[in-house]
Amino acid sequence: MDIEALKGVGPKKASLYEKLGASTVEALLRLYPRAYEDWGAYIPIAETTLNETATVRARVLHKPTTTRIRGGMALYKTTVTDGVDGMELTFFNNRYIPNLLREGHTYVFRGRVTGSFFKREMLSPEFVAEGKEKAILPVYPATQGLTSRTICKDMEQALSLLPTLCDPLPDALREKYGLIGLQEALRGIHFPPSMEELAKAKARLVFEEFLVLQLGLMQIKSGRKQSNLHPVPGGFPEGFAELLPFRLTGAQRQAITEAMEDMAGPSPMNRLVQGDVGSGKTAVAAALCWAVAKAGYQAALMAPTEILAVQHFESLSGLLAPAGIRCALFTGSMPAARRREQQERLASGEIDLAIGTHALLSEKVAFRDLGLVITDEQHRFGVNQRSALAEKGASAHLLVMSATPIPRTLALMVYGDLDISVLNELPPGRQEIDTYLIDSPKRQRAFRYIQKHLDEGRQGYLICPLVEDEPDLPLMSLEKYQGIVAQAFPGVKTAVIHGKLKNAEKEQIMAGFASGETKLLLATTVVEVGVDVPNAAIMLIENAERYGLSQLHQLRGRIGRGKHKSTCILLTDAQNDSTLERLRLFRDTRDGFKIADADLKLRGPGDFFGARQHGLPQLKIADMASDMDALRAAQMCAQRLFPHLQEPCYGNLSKEIRRLFKDGVQVTL
Ligand code: ADP
Ligand code: MG
């Protein structure tokens, strides 16, 4: 039913509703409140806090008085009492006030408390007559021109307009899980008569949302069962191992074997390799590229940054070219002529392995027979970028690599249809990283410590949150730091790198650091992902409080990659207990999974995955971190229900799944 079916909603308001994602009455009902005002929870006037919003229940002592002020405006004043204390109310220019507030009657008032400790006041409070108050009022995500109040009114109408909605959850299923019906749940979520009813409504809607999501993911997975057009001989590729200058770890061998079995199997591979920073994911990727190329297909490896793409190209071509595998690098900054020439060779099959950034996604990049697509640090990619690469090869094998360890339940949800290999072992000979937490008075001492490492031939990273000074932010900038560092490290070769530089410049700076010529690299988090310079053994992070734990973990992963003992120094002047506790936890833990767990608890999944990059449809009410139990229950329900989804009683449920995934699926590649 079109939203304009509501009285008082014309084209103008309809377009505002559309902004909120509600162009139908049904969709409006699914616009859930973001909070509630509990009008039943009023308190004595004496307990209100100055300058905070309060709800009080009080009797009007006298008919409001009217005072004319400048500009034809009027002030209305009255005094109310809760039986113990009094309070003065002032309203501006609302001529109905004298009729609305009747002497001797009691109302519930809600507004910001001003005045003084002895004489409290409220300016233009909202109010409802006693007994008429809805105990709990919804607060909606308002938009320009559409207040929460208006939405509230329209919602009431919407609920009465649609008395018979189709419930996606059939009765039998609801009974089994003790869930209330859709109609009741929608009433309860918008206008809950009590907190208990609200909880019931929420439980039902959360379950439904998780269930629909999970079933949708399962559908995608089963729909993707194509036949394997790029079979590769299974088993561990011994020929590849001989190319390596080191022995693979057990975990690497196992991940490679698992992927090889997938690629030899009846349908294309669809696998996630999760490995902590430094666990050696690149070697796993290289093994698979080798195997695919040897089988006569092409492979593509996509990295999120140019720095990383170049690094991968150098190490992989160094390793694989001697084995006759032809590699090429594709980045946005490469000269057009060279790009064209490479594109031709790629299309004709003269290149076996294409390594690059999202430049690989350009329409002009075509493969002769793409058999394997790998994305590195996949959490860094926009959702659509991932799928675009996969589309370049019909039924290519897919491998995504991620250094963001995520808890199992979440992995199931986010990567619903991926098989997972875990690299839970670091290559041998890795040094422990000592981590210290200091404040700025100790900065000079930290510098002396760094100098000692430089004297021993090591290199280091100095990380700042800002590129340039920002007057309102008390944060260290690279701009300012350059001066500080020049003074503290006279004669030491330093370089500065950040996201605002041109790619070619970044590349040159990284090359200078990788070769050992540059000793100290001043950087923002551009070095966070994947950069590998084993001689770098020290890192100082300014304003450490600014970073999430997973991000700090990625940063710290840039050191401790070689045979040298490494040190990470977190510098912060934060006083806040919870911030310090977070940083201490990080100081004392190196296990990426533990850090990820803590991060998830502290910040919730939204931040955890970065701006919605997990690619799932956006959830309206369920929260993957706090509704974990419901998530588990819905997952189990989905497993059982899935084989029966075609049965007529699940018709409404199927419709809901189609609706949720209407923007296409972006979940896994
Ligand atoms: P990440 O998993 O963080 O991407 P990399 O693939 O960059 O890790 O590997 C980190 C470093 O460890 C690289 O210098 C790589 O050459 C080295 N490395 C990888 N596997 C092994 C191994 N089995 N033994 C020794 N060194 C290894
Ligand atoms: Mg890596």
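**Entry 1: Arg-204**

I looked up Arg-204 and found it buried, with a relative accessible area of 0%. The model is a predicted one, so I keep that in mind for every value here. Arg-204 belongs to helix H7, which covers residues 195-223. I then asked what the side chain of Arg-204 reaches.

**Entry 2: ligand 1**

I counted 16 residues around ligand 1. Arg-247, Gly-278, Thr-282, Arg-430 and Asp-532 come nearest. I sorted the shell by class: four residues are nonpolar, six are polar and six are charged.

Then I checked single contacts. Thr-282 places a polar side-chain atom 2.6 Å from an oxygen atom of ligand 1. Lys-281 also has a polar side-chain atom by an oxygen atom of ligand 1, at 2.8 Å. For Arg-247 the backbone is involved: one of its N or O atoms lies 2.8 Å from a nitrogen atom of the ligand. How much of the accessible area of ligand 1 does the protein cover? I noted 84% of the 570 Å² that ligand 1 has on its own.

**Entry 3: Leu-50**

Leu-50 sits in the loop between strand S1 (35-38) and strand S2 (53-60). Is Leu-50 buried, partly exposed or exposed? Its relative accessibility is 31%, so Leu-50 counts as partly exposed. A patch residue needs over 30%, and Leu-50 has 31%. Together with Phe-117 and Phe-118, Leu-50 makes a nonpolar surface patch of about 390 Å².

Terms used
Residues are numbered from 1 along each chain as its sequence is written. Chains are lettered from A and ligands numbered from 1 in the order in which they are written. This is a predicted model: local features need pLDDT of at least 70, side-chain atom pairs count only at pLDDT 80 or more; totals for chains, interfaces and linings use all residues. Side-chain values use heavy atoms; hydrogens and water are left out. Patches are made of residues with over 30% relative accessible area and no salt bridge: like charges are joined within 9 Å, nonpolar side chains (Val, Leu, Ile, Met, Phe, Trp, Tyr) within 5 Å. Accessible areas come from the Shrake-Rupley method with a 1.4 Å probe; for residues, only the protein chains shown count as cover. A salt bridge is a side-chain nitrogen of Lys or Arg within 4 Å of a carboxyl oxygen of Asp or Glu. Helices (H or I, at least four residues) and strands (E, at least two) are DSSP runs, numbered from the N terminus. Buried means under 20% relative accessible area, exposed over 50%, partly exposed in between (1.4 Å probe, protein chains only). A residue is near a molecule or strand if one of its heavy atoms lies within 4 Å of it. A polar contact is a pair of N or O atoms within 3.5 Å; within protein, one must be able to donate a hydrogen and the other to accept it, and residues adjacent in sequence count only if both atoms are side-chain atoms. Ala, Val, Leu, Ile, Met, Phe, Trp, Tyr, Cys and Pro count as nonpolar, Asp, Glu, Lys and Arg as charged, and the others, Gly among them, as polar.
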